[in-house]
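Please read the points below beside the sequence and the model.

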Amino acid sequence: MSKLPPPVPEPLSFDIGNEHDRFWCAAEGRRYAAVIGFDAKAQGEVAIVIAELVSNVAKFAGRGTFKLSTVYEPRPGIRIVVEDAGPGIEDPERVFQDGFSEGKRLEPGTQRRSGQGLGVGLGAVARMMSHVEMENVPGRGLRVVCIKWLDLPRGGSGAYSASGPGSVRNG
Ligand SMILES: Nc1ncnc2c1ncn2[C@@H]1O[C@H](COP(=O)(O)OP(=O)(O)OP(=O)(O)O)[C@@H](O)[C@H]1O
Ligand SMILES: [Mg+2]
């Protein structure tokens, strides 16, 4: 008896136009992750990460693009790309640290104003994904690429790499 391969979702691309788009973008990502075969916890992490990145695009760049695709090599996974043409980030390494918000480090216990995103931040994005890459092109915006492997139940090491101002990479 031959076994059918699991369904593979086609690459998708969506426009981000405002802060509220994070809700349906997160829902799309959760559904996409479910089709690839991620468990409920991993689906939730995918949704949180997308909501955070989409929220950042709306807050700091106004508009942008959100893309989902399946990765096959070296193993199955989900690839999330969120990009914009906003101001970019001056110090991409630093913003991955937990507790870094609104361009500065938050002291423990700081009251957060409402309407400033989810309070999750890029630190959480790095922790929930297997790999995060940030490409910063001053004057042209920010591109964040996240990959989460299907076979790493804990979401991987949270390793990331960041490219500094001036570096451009295509593809
Ligand atoms: N798309 C972007 N364009 C320009 N700057 C960005 C972008 N995304 C994040 N940043 C910068 O990186 C910082 C850290 O982002 P992060 O999402 O961790 O925090 P935040 O959005 O300020 O707060 P929170 O997400 O906790 O509500 C932001 O304060 C902002 O200065
Ligand atoms: Mg944010």
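In which helix does E45 lie? E45 lies in helix α2, and the points below return to that helix several times.

1. Basis of the note. This is a predicted model, in which local features need pLDDT of at least 70 and side-chain atom pairs count only at pLDDT 80 or more, while totals for chains, interfaces and linings use all residues. Residues are numbered from 1 along each chain as its sequence is written, chains are lettered from A and ligands numbered from 1 in the order in which they are written, and side-chain values use heavy atoms, with hydrogens and water left out.

2. Overall plan. The protein chain has 3 helices and 8 strands, where helices (H or I, at least four residues) and strands (E, at least two) are DSSP runs numbered from the N terminus. Read along the sequence, these elements follow the pattern β-α-α-β-β-β-β-α-β-β-β. Of the 171 residues of the protein chain, 46% count as buried; buried means under 20% relative accessible area, exposed means over 50%, and partly exposed lies in between, with a 1.4 Å probe and protein chains only. Among the contacts in the protein chain with a separation of 6 or more, residues 24 or more positions apart account for 70%, a contact being heavy atoms within 4.5 Å.

3. Helices α1 and α2. These two helices pack at an angle of about 150°, with their axes 8 Å apart; axes are lines fitted to C-alpha atoms, for helices over the stretch in contact, and angles run from 0 to 180 degrees between N-to-C directions. The contact is made by D21, R22, C25, A26, G29, R30, A33 and A34 of α1 and by A40, Q43, G44, V46, A47, I50, A51, V54 and S55 of α2. By class, the contact of α1 with α2 has 10 nonpolar, 4 polar and 3 charged residues, where Ala, Val, Leu, Ile, Met, Phe, Trp, Tyr, Cys and Pro count as nonpolar, Asp, Glu, Lys and Arg as charged, and the others, Gly among them, as polar.

4. R30 and Q43. R30 lies in helix α1 (residues 21-36) and is partly exposed, with a relative accessible area of 38%. Leaving aside its neighbours within four places in sequence, R30 is in contact with A40, Q43, G44, V46 and A47, and the C-alpha atoms of R30 and A47, 17 residues apart along the chain, are separated by 5.3 Å. Q43, found in helix α2, counts as buried because its relative accessible area is 17%; with the neighbours within four places again left aside, Q43 is in contact with R30, A33, A34 and F38.

5. Helices α2 and α3. Here the angle is about 145°, and the axes are 10 Å apart. The contact is made by E45, I48, V49, E52, L53 and N56 of α2 and by G121, L122, V125 and M128 of α3, and its residues divide into 6 nonpolar, 2 polar and 2 charged. Helix α3 (residues 121-128) is mostly covered, with 7 of its 8 residues buried. E45 is buried as well, at 12% relative accessibility, and, beyond its neighbours within four places in sequence, E45 is in contact with M128, M129 and K148.

6. The magnesium site. Which residues coordinate the magnesium ion (ligand 2)? The ion is coordinated by E52 (OE) and N56 (OD1), at 2.0 Å; donors are N, O and S atoms within 2.8 Å of the metal (3.2 Å for Na, K and Ca), and sites may look incomplete because water is not among the atoms. E52 and N56 both lie in helix α2 (residues 40-61), 4 residues apart, about one turn of the helix. E52 is buried, with a relative accessible area of 5%, and N56 counts as buried at 15%.

7. R143 lies in strand β7 (residues 141-149) and counts as buried at 16% relative accessibility. The side chain of R143 makes a polar contact with the side chain of E83 (3.1 Å); a polar contact is a pair of N or O atoms within 3.5 Å, and within protein one must be able to donate a hydrogen and the other to accept it, while residues adjacent in sequence count only if both atoms are side-chain atoms. Elsewhere, the peptide bond from E73 to P74 is cis, with omega near 0°, and P74 is found in the loop between β2 (64-71) and β3 (77-84).
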